[in-house]
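Take a look at the sequence and the 3D structure below. This report walks through a few of their features, from one chain to the places where chains meet.

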Amino acid sequence: MAQVRVTVDGVEYVDDIEPRMLLVYYLRERLGKTGTVIGCDTSNCGACTVHLNGQSVKSCSVLAVQADGAEITTIEGLARDGELHPVQKAFNECHALQCGYCTPGMIMQAVDLLGDNPDPDERAVREGLEGNLCRCTGYQNIVRAVQSAAQAMKPGASAPVDTPTPVAGGQ
Amino acid sequence: MIPAQFDYVKPSSVDEAIQALQEAGDDAKIIAGGQSLLPVLRLRLAAPTLLVDLGGIAELRGIRDEGDRVAIGAMTSYYDIIRDESVQQHVALLGQATETVADNQVRHRGTLGGSLAHADPAGDLGAVALALDAELVIAGPSGRRTVPASEFFVDYFTTALGEGDVLTEIRFPKYTGWGSHYEKFNRTAQAWSMVAIAAAVRVEGGTIAEARVGLTNMGSTPIRATGVEQALVGQPATADAVRAAADRVTEGTAAPSDADAAADYREHLAKVLTGRAVLAAAG
Amino acid sequence: MTTTAEPTTPGEIGRARVRKEDARLITGRTRYTDSITPAGTLHIAVVRSTFAHARINAIDTAPAKSAPGVVGVYTAADLGVESVGLPNAWPITPDQKTPQRPLLASSAVHFAGEGVAVVVARSAAAAKDAAELVDVDYEPLDPVLDMEAALADGATLVHPDLGTNESATWVFDSGEAGSGGNVADAISAAEADPDSVVVRRRFIQQRLIPAFMEPRSVVVDPTGEQITFYSSTQVPHILRTMTSVTLGVPESKLRVIAPDVGGGFGGKIGVLPEEMLCVALAQKLGRPVKWTETRSESLLTAHHGRDQIQDITITAKMDGTVTGLDVKLLADMGAYLGLVGGGVPILGAFMFNAIYKIPAYKFTCTNVFTTKTLTDAYRGAGRPEATFAIERIMDELAVELGRDPMELRQQNWIKHEEFPFTTVCGLTYDSGNYEQATRQAMELFDYAGLRREQEERRRSGDPVQLGIGISTFTEMCGLAPSRVLGSLSYGAGGWEAASIRMLATGKVEVITGASAHGQGHETAFSQIVADQLGVPFEDVEILHGDTQISPKGLDTYGSRSLAVGGIAIVDAAQKVIAKARRLAAHMLEADEKDLEFANGTFTVRGTDKGKAIQEIAFAAFMAHDLPEGMEPSLDADAVYDPENFSFPHGTHLAAIEVDTETGRVDVRKYVCVDDVGTVINPLIVEGQVHGGLAQGIAQALFEEANYDEQGTLVNATFVDYTLPSSADLPSFDTHVVSTPATSNPLGVKGVGEAGTIASTPAIVNGVIDAIRHLGVSDVEMPCTSQRVWRAIQDARGRSTQETPVDTHSPGAGLGSIDPNNPQGEVQ
């Protein structure tokens, strides 16, 4: 057993875990953060993407013990004060999801992408999301949503999106 | 899927890491960024009894400009390498190749040292280290040593690293003012390189004065295309001259065959892509 | 025939509503099956065969039984399920050979990945650890991998007791059916006629994997009066009935719930051994039992799709008039027949003639057993295969005749004024306008301009050549009229059920038997009901996917949700309105005949007196003052059985660039104009088309399930089964035209499969068109850079190397790791 202390969506947790426990299982099974899902074994699909100390990572390819001391934001902590993140809004408005399974990872990666490049062209969005597979949408509306969110976030955008605030699961 | 059980230590110094590795023997594995290792553990293709996490050793992370060279800590992430100014200015080829590795999330976690020590011949950075005459600093039970990239890669997944060894730093000579390009050919954007060409050239008055060419996935290790380099020197940076030189790219290669590309296709691709990479590098 | 209904509230139908189901999906407030873990849940891991074909000599479960956290380890014999077989609901011929498909293999395994034992443990990790300790003594047998070899005399038999590897041969002959001429006569006539041509081609439909993003998951909770059975399934109702049939659990004691389901594409219509194992184990152990597959398990064992060899012969006059079409298929079933696996190629039988007037047609399909994962429905199910073959051979015929491929299609297709049109298969296409869709598509695409550019590039010898790919398709969807299914010996009807409950507070609950897994039912059905009842969109709640809430239904596949399930909802709404009208008349002291219903309100004609439907619902709830003999309820049920399929169609055009130096294919431009009838929600329609295109293009360019010579699937991870990412696909230019279906009151057709069906041949025709002048006439799918390069080399008379079937070379990622020699410093 190893001890891990992490802050997830603004709440601090301390747990004893097996070293082999992947971060995604820790989030889902220990913390009940089932909004983050698992789609593959090989870090190809990106469905499990969360932010670890402000950077997008595939939580299936990080051991929970490696995250000791880290701040983690999941899809469940992205909305703030009941207000959806602009990327979440844009996904809804642009019909950027169908079954929704890839959506948490896709949104978390899109937020990261916009942090690095606030005004990406279509190519930059497509390449920035290459680590996230979607089987439903053909990606076109996802690309549109990310570009639309970029516009919405441009002038007078609120505080940095990655500061976690506690938000109840049901928004 | 869940890995088999293992123990885990997170040393705070290189010496502690070496000691942990020595005590555990063969069954220990180093985890750097973990982006190649964790999928392997999840599929239970490997089952080490101990993971030694280098993530807690601050000295292994970071990039230093050391005058005539750029020194990169083994645990420096791809993401940090891509954004580093001294890399962009003096070792641009490394940044260009690193940008093509996997995807954004993986580049946040994956490390240069991890990639080189993993020594997958389809990995993108070995060819760069080789072409640019990098030196690798290895700390081990009997102290530190420096190994040139040309001696580091031994075979598939096999390097000059021995038991208890930790790769600590990678030093690149400066290629300030050189043109460079990494030409990667893969089946899908997130797939490994079918073939890739790392090229850097110094052009003087339209003539190629110096050239460095490294090959990804054309043998059991990254390969330096010395024949092409020799043929390029003194040639004008024109399509015809470069393509003629690129024809020598298969010298000394042993291209693998798989469903994506049988050996003859890889060899053909290597020629075409070498021409493109060198021309792009020459600007 | 009914015409399109007049919407009572203008605006909802056809409105680009953003989806109401998104709110939970974009915030992680989801409920996929793997997120459900009742207290005390036990987890299972299935021990799977590493051999494609082997006799099982012994299974030693003892070491696994004593592993930490293990509750039990069971073989089929231990569970007493050796005689249990999973259902096949579509015996396509009376003499179809249907091998028993066991929950766990007992004496022999028939494909790599087949389960042989199951471990039950307190955690999924413990179950997995112990599964590795189960020791199975296999005696390897020869794998059966090639369909033609499997049918030859002396072939190794997958199921020796059947005496053959042929499951069934199904034939449709228009000469015998009386719906057309005799194709053998047409071919001999063409062969004898110097003014005719005969074109023969063989096309390969490679094996694909549906690869829904959510791995399958099952939780069975035996506590309580009914067994609660959660599954990531497209078909909760069918699953409930089939579980009863398979295990003998009374249907009334089973509650099946399909919670949020992360995609299916046909891949989740099966009845799984793991589902049945979870039910059996939960009953045996009295505890909730859970199974969630890994991606590798999913790729290995969830049913695959396509996998046909197609021998196509088409005959035509020199003037371009098609005179006959003969289709001979071999369809790889894999080791067993899935729920409807044998019928999938038969669904294609009616679509090879496509939009064309073909006077003589014969279809012969032989279903073949091999030692591979079974095949079953995958988006389009039979119809993509058919569309590919006809659209490819129309291009080949055009080349043979020296004609423009679009012009040749125009000459042969059914003209707008000829609808309704009865085809050579006996189907009646109710509506369509191929001219309109094609004209619009060609303009948007700049067909003429791209042809000029193609000519220019050919002339200049540009290393990057341009090709134009055409696909003018139709499909039959809205599965299906029960009488048609009956005539095909399908084991169920094709109706769909709906109920509407008018709540006391004026809200409306709509229950549908169509179970969504990404399609947007909650939004589209709300729009329909809002229009029908004149209530606000937000006041409509769609309930589905739980057999206790939605007791009756036939679920979601075959583009049927709207064209069948949507009409059931309209019928239920009409019944609600009829009941409300009676009560409204009573409340307004008027005659029913004097009432008008519009925008949710009954008004007495010529007065300003009126009652809103919500007021009427409240009055029904109070029941203080009802008309004599009226039940205190406005609620209504309806079951709709369509009279006919619906026939969406469209024209898809692709501009393809081929780098002749490397073989790399690039989709430069993609334009499609689809006629899907009345559009309920253009956003959803567009999304369905985009996603369908991506999957069809993936078949053309990226995906293939390969088996090595030992019969091992070599694409058992997403490293090797290469789904395209956003960086691999272009943006599509999609448009819709509408000729309403005349077969249903909304005028709707289906849209779920259109993009997938149409796009594959458009891409491949484009690839070949780009390099045909170099002498290339075919490239097998997927048209990878290597295949394209080799096709060019072959055409130039240069011999090249054989490509090995193994995906793996020692390098390149995971496949590279030798499990027996994990030497490298993996970091």
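How many helices and strands make up the secondary structure of chain A? Chain A has 5 helices and 5 strands. Keep in mind that this is a predicted model.

**Confidence**

The predictor gives the complex an ipTM of 0.97 and a pTM of 0.96. For chain C, the mean pLDDT is 95. In that chain, 96% of the residues reach 70 or more. Two stretches of chain C call for care. Over residues 1–9 of chain C, pLDDT stays under 50. The model has 22 contacts beyond four places in sequence for that stretch. Over residues 815–827 of chain C, pLDDT also stays under 50. Here the model has 41 contacts beyond four places in sequence.

**Chain A as a whole**

Start at the N terminus of chain A and read along. The elements run β-β-α-β-β-β-α-α-α-α. The C-alpha atoms of chain A fill a box of roughly 45 × 35 × 25 Å, taken along the principal axes. A compact globule of 171 residues would have a radius of gyration near 16 Å. Chain A has 15 Å, which agrees with that value. Buried residues make up 63% of the 171 residues in chain A. Now take the contacts in chain A with a separation of 6 or more: residues 24 or more positions apart account for 65% of them.

**The sheet of chain A**

In what order do the strands of the sheet in chain A stand? The order is β2-β1-β5-β3-β4, in an open sheet of 5 strands. The pairing is mixed. In general, strands of a sheet pair through backbone hydrogen bonds, either parallel or antiparallel.

Why is one side of β2 and of β4 in chain A left without a neighbour in the sheet? Both β2 (11–17) and β4 (55–58) of chain A stand at the edges, each with a single partner strand, so one side of each has no neighbour in the sheet. Neighbouring strands of this sheet are turned by 40 degrees against each other on average, direction ignored.

Look at one pair in detail. Strand β3 (residues 49–52) of chain A is joined to β4(A) by 4 bridges. These two strands run antiparallel. H51(A) has S56(A), in β4(A), as its bridge partner. A helix also packs on the sheet: α3 (residues 103–116) of chain A touches β3 and β4 of chain A. The direction of α3 makes about 40 degrees with that of β3(A).

Most residues other than glycine have a negative phi, and most peptide bonds are trans. The table lists spots in this model that go the other way.

| Spot | Feature | Value |
|---|---|---|
| Y139(A) | positive phi | near 75 degrees |
| A119(B) | positive phi | near 60 degrees |
| F419(C) to P420(C) | cis peptide bond | omega about -10 degrees |
| L479(C) to A480(C) | cis peptide bond | omega near -10 degrees |

Where do these spots lie? Y139(A) is in the loop between α4 (122–128) and α5 (140–153) of chain A. A119(B) is in the loop between α7 (112–118) and α8 (125–131) of chain B. P420(C) is found in the loop between α13 (405–412) and β16 (421–422) of chain C. A480(C) lies in the loop between β18 (464–474) and α16 (482–487) of chain C.

Is Y139(A) buried or exposed? A residue counts as buried if 20 or more other C-beta atoms lie within 10 Å of its own. Y139(A) has 29 within that distance, so Y139(A) is buried. A119(B) has 27 other C-beta atoms within 10 Å, so A119(B) is buried as well.

**The nonpolar core**

The largest nonpolar core has 422 residues. Which residues have the most contacts inside this core? They are A198(B), I44(C), V119(C) and V767(C). Helix α18 (residues 561–588) of chain C gives the most to this core, with 14 residues. Beyond its neighbours within four places in sequence, A198(B) is in contact with several residues, including L93(B), A97(B), Y182(B) and V213(B).

**Where chains C and A touch**

The contact takes 43 residues from chain C and 48 residues from chain A. On the side of chain C that touches chain A, the elements giving two or more residues are α1 (22–25), α10 (295–301) and α20 (682–701) of chain C. Of the elements on that side, α20(C) gives the most, with 6 residues.

Terms used: Residues are numbered from 1 along each chain as its sequence is written. Chains are lettered from A and ligands numbered from 1 in the order in which they are written. This is a predicted model: local features need pLDDT of at least 70, side-chain atom pairs count only at pLDDT 80 or more; totals for chains, interfaces and linings use all residues. Two strands pair if DSSP finds at least two bridges between them. Axes are lines fitted to C-alpha atoms, for helices over the stretch in contact, and angles run from 0 to 180 degrees between N-to-C directions. Two residues are in contact if their C-beta atoms, placed from the backbone, lie within 7 Å. pLDDT is the predictor's confidence in each residue, from 0 to 100. A residue is buried if 20 or more other C-beta atoms lie within 10 Å of its own, exposed if 12 or fewer, and partly exposed in between; C-beta atoms are placed from the backbone. The radius of gyration is taken over C-alpha atoms; the globule rule is 2.2 Å times the number of residues to the power 0.38. A nonpolar core is a set of buried Ala, Val, Leu, Ile, Met, Phe, Trp, Tyr and Cys residues joined through C-beta atoms within 7 Å.
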